[in-house]
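Please keep the structure in view while reading.

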Protein chains: 2
Amino acid sequence: MTNSASINGAATGEFELIDAIVKTLGAASTGSHVLLGPGDDAAMIALPAGDALVTSVDTLLPDVHFPEGAAAPLIGQRALRVSVSDLAAMGAQPLACVISLVLPKSTHPQWVRDLSRGFADAALEFGCPVTGGNLTAGPLSICVTVQGSVPAEFALTRDGAQPGDDVWVSGPLGGAAVALIEGELDRVPGLVADAAMSQTQQQYFLPTPQLTLGVGLRLVATSAIDISDGLAADLGHIVHRSEVAIALDGAAIPRFAGATLEQALYGGDDYHLCFTAPKSQRDVVNQLGDGLRRIGYVSAGAPKLLLDGAVLPQRGFDHFASEKN
Amino acid sequence: MTNSASINGAATGEFELIDAIVKTLGAASTGSHVLLGPGDDAAMIALPAGDALVTSVDTLLPDVHFPEGAAAPLIGQRALRVSVSDLAAMGAQPLACVISLVLPKSTHPQWVRDLSRGFADAALEFGCPVTGGNLTAGPLSICVTVQGSVPAEFALTRDGAQPGDDVWVSGPLGGAAVALIEGELDRVPGLVADAAMSQTQQQYFLPTPQLTLGVGLRLVATSAIDISDGLAADLGHIVHRSEVAIALDGAAIPRFAGATLEQALYGGDDYHLCFTAPKSQRDVVNQLGDGLRRIGYVSAGAPKLLLDGAVLPQRGFDHFASEKN
């Protein structure tokens, strides 16, 4: 309730924390289309005329979606980047996001400022200002709702893959899985420059939403998804939503340095785009980026995913799996 | 990953739970402006031409924002209603919402279906379809992001109160506080018809977002806020954002049956609108509803809130208060 927040110890109030977050965000909560930023009952933005609104929400929990001891700016960066990636998968351009934080009462204000700096850095890099949010005390969680826009008829969805289409992926897979398995994530220092991180650590904490590619694919791709749960699981969504079969060529799947085919298929957290496009568009697709690789093709028939001719088990990360019968 | 979810025990997987939620939502996830509902990387909706997008996010935690043992449909109803209330406070009309659920692994699928039925009932009642969401395992929380639209120039904000304006409230306050203090919330049966609840229980679990009033106030009010943290705390936001003084007449503040002035001032969870409007608009305001009451006036000077001539302490709910020095 005060406008003169003084945060200089471990103990502070809700409104002082909000004030510190808003101050840290600074220019990252503004934009020419932002009509009302943090501080009112709701945020307000203008949409490009004629475009549809695209919205995605993700909640990140410690030791599920990020290591609890990771540097706060990296947690903030990752939270925003993985959400913006969903916009890229739709062929949408970012407009804004709102963030709902649940923080333990013992959270140090500096940690909150560092987290907010991560939000701010990613918001500025990807043009996705943080226009509002919510703060409450409880078990740590970060809920990011991103909003973007796309002409509705050009949106990339999961249900348009056609028999005869090629299957593409936008870059090497398995990098984040290597970082996870090798325990590299626990060795990230508290405050890091990007250069101090290994390539696989960077892949995990600072994935690059494929926004430019997504826009380029609007007139080209028949379906698209971003790879968050692993290539096999996410292609499974296209298979079932498009009601097609997809055959992958294992040798053609690009792998991050040091990653196995298993990690490339099931690792997750890659945030490259996987998409389908007609064969007639191969030259166009190849002009959209250097790292694009053709990894298989779509065919008619019962929905299934094949690797080198054999049906691929549908294993992906299931948050509720350990309670399964 | 399967389209034929079978939920008949306490144990199930993430994708089966999502399927059960989407099935329970049914028509409550659709609408003529909903271009893409649950099941893709993001939801997609069309906005009324020329309108601005209004967005608000809230996270609800057990035993903070609802009693952990309350009936799941009531928790779902309350979650959506308190979020839609933020749209009413902006003079906006609901468009859609996305819901991110964190559920303990032990959550019974029937509880999730009941919660979703609460979401669906409120979504249909207030025209706010649930177009997407997220599900992860962890400590129970419900994060609702609501989206609405309003012509930007007519949006109701907190910063426009002018000296000489009247201060209004849309209905009796303190009902939810009575329910809280009298422990009534713990006595709500597991599955209830509205009629089985006391009036104060209904006020707590089923507050009515003042959407029609919000739209009616677009051309009339100079500032508005919904009363979630208590009249004193929420009017404090108008005082500070508008940089005005506000004087309240204690006897004029409408109280819920059985509520004290203290409960009406500090109770919270009322979700009535509090707003300011020029004196010249009194007749217009009175035509907007029966329960509207004039409770004070705005004056120039240092931002402060007065009750019957004395400065009112700024007490509201502070989620981090118990850690304060």
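How many bridges join strand 3 of chain A to strand 2 of chain B, and in which sense do these strands run? In this predicted model, three bridges link strand 3 of chain A to strand 2 (residues 43-45) of chain B, and the two run antiparallel. One position that may be inspected is Val54(A), whose bridge partner in strand 2 of chain B is Met44(B).

This pairing belongs to an open sheet of six strands, ordered 5(A)-4(A)-6(A)-3(A)-2(B)-1(B), with mixed pairing. Strand 5 (130-137) of chain A and strand 1 (34-36) of chain B each have a single partner strand and stand at the edges, so one side of each is left without a neighbour in the sheet. On average, and with direction ignored, neighbouring strands of the sheet are turned by 20 degrees against each other.

Within chain A, strand 3 also pairs with strand 6 (residues 141-150), in the antiparallel sense and over nine bridges. Here Val57(A) stands opposite Thr145(A) of strand 6. Helix 2 of chain A packs on this sheet, where it touches strand 3, strand 4 (93-103) and strand 6 of chain A. The direction of helix 2 makes about 30 degrees with that of strand 6 of chain A.

The contact between the chains may be considered next. In total, 68 residues of chain A are in contact with 68 residues of chain B. On the side of chain A that touches chain B, strand 3 (residues 52-60) of chain A gives the most, with eight residues. That side of chain A comprises 31 nonpolar, 25 polar and twelve charged residues.

Chain A itself is divided into domain 1 (14-154) and domain 2 (166-315). The C-alpha centres of these two domains of chain A lie 25 Å apart, and 21 residues of domain 1 are in contact with 24 residues of domain 2. Helix 2 (residues 72-89) of chain A gives the most to the side of domain 1 that touches domain 2, namely eleven residues. By class, this side of domain 1 has 13 nonpolar, five polar and three charged residues.

Further strand pairings in chain A involve strand 7 (residues 166-169). Strand 7 pairs with strand 10 (residues 273-277) of chain A in the antiparallel sense over four bridges, and Val169(A) stands opposite Cys274(A) of strand 10. Strand 7 is also joined by four bridges to strand 11 (residues 293-299) of chain A, again running antiparallel. In strand 11, Arg294(A) is the bridge partner of Trp168(A).

How values were computed
Residues are numbered from 1 along each chain as its sequence is written. Chains are lettered from A and ligands numbered from 1 in the order in which they are written. This is a predicted model: local features need pLDDT of at least 70, side-chain atom pairs count only at pLDDT 80 or more; totals for chains, interfaces and linings use all residues. Two strands pair if DSSP finds at least two bridges between them. Domain bounds come from an automatic or database domain assignment. Two residues are in contact if their C-beta atoms, placed from the backbone, lie within 7 Å. Ala, Val, Leu, Ile, Met, Phe, Trp, Tyr, Cys and Pro count as nonpolar, Asp, Glu, Lys and Arg as charged, and the others, Gly among them, as polar. Axes are lines fitted to C-alpha atoms, for helices over the stretch in contact, and angles run from 0 to 180 degrees between N-to-C directions.
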